[in-house]
Amino acid sequence: MQNSNVYHLSDLENKFIGQTAIVAAAGPSLADNLEKIKANRDKLVIFAVNKSVKYLFDNDITPDFVVCMDAKNMQNTLGELSHRLGNSNCIMDLRTDSDVTKLGFHKFFYNYSNTDFFAKQLSKTNSFM
């Protein structure tokens, strides 16, 4: 992973004003609204979590962001999709499995959870590398 595609999550602030964002998670409402999502794709910013990532790709919808917070075994979860992740961005945390950096995401946006001393100190510098 190169620094040129790594950003702080705060860099997204005010980037999507006027657009509707949806968080796609596994549940019946995702399937119920799939056609609506497809019909309005150009007006939406889609954040996908967990099993919804594969479901969206299987239904020809590329999420703008894949949320990988506190994730373990990312290779098992998203590995089979790595060839399709190039147009999606990853939102990750310090605790995210490092394998996520090998999955071909377009950009990485990191966030600090501020739950421990190290994370708090790093968040003050607002710097990754």
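Mentor: One definition to start: accessible areas come from the Shrake-Rupley method with a 1.4 Å probe, and for residues only the protein chains shown count as cover. The accessible surface of this chain is about 7,700 Å², and carbon and sulfur atoms hold 49% of that.

Trainee: What kind of model is this?
Mentor: A predicted one: local features need pLDDT of at least 70, side-chain atom pairs count only at pLDDT 80 or more, and totals for chains, interfaces and linings use all residues. Residues are numbered from 1 along each chain as its sequence is written, and side-chain values use heavy atoms, leaving out hydrogens and water.

Trainee: How many helices and strands are there?
Mentor: Five helices and six strands. Both are DSSP runs numbered from the N terminus: helices are H or I with at least four residues, strands are E with at least two. The order along the sequence is β-β-α-α-β-α-β-α-β-β-α.

Trainee: What share of the residues is buried?
Mentor: 36% of the 129 residues. Buried means under 20% relative accessible area, exposed means over 50%, and partly exposed is in between (1.4 Å probe, protein chains only).

Trainee: Switching to charges. How many salt bridges turn up?
Mentor: Four in the whole structure. The rule is a side-chain nitrogen of Lys or Arg within 4 Å of a carboxyl oxygen of Asp or Glu. In general, side chains of opposite charge can pair when their charged atoms come close.

Trainee: Which residues form a network?
Mentor: Lys54, Asp58 and Glu80, linked by salt bridges. Asp58 pairs with Lys54 at 2.9 Å, N to O. Those two sit four residues apart in helix α3 (residues 52-58), about one turn of the helix.

Trainee: And where does Glu80 sit?
Mentor: First the pairing: the closest N and O atoms of Lys54 and Glu80 are 3.6 Å apart. Glu80 lies in the loop between α4 (74-78) and β5 (89-93), 26 residues from Lys54 in helix α3, so this pair links distant parts of the chain.

Trainee: Are those three buried or exposed?
Mentor: Lys54 is partly exposed at 35%, and Asp58 is partly exposed at 45%. Glu80 counts as exposed at 52%.

Trainee: What does Lys102 pair with?
Mentor: Asp99, in a salt bridge of 3.3 Å, N to O. Lys102 is exposed at 62%, while Asp99 is partly exposed at 22%.
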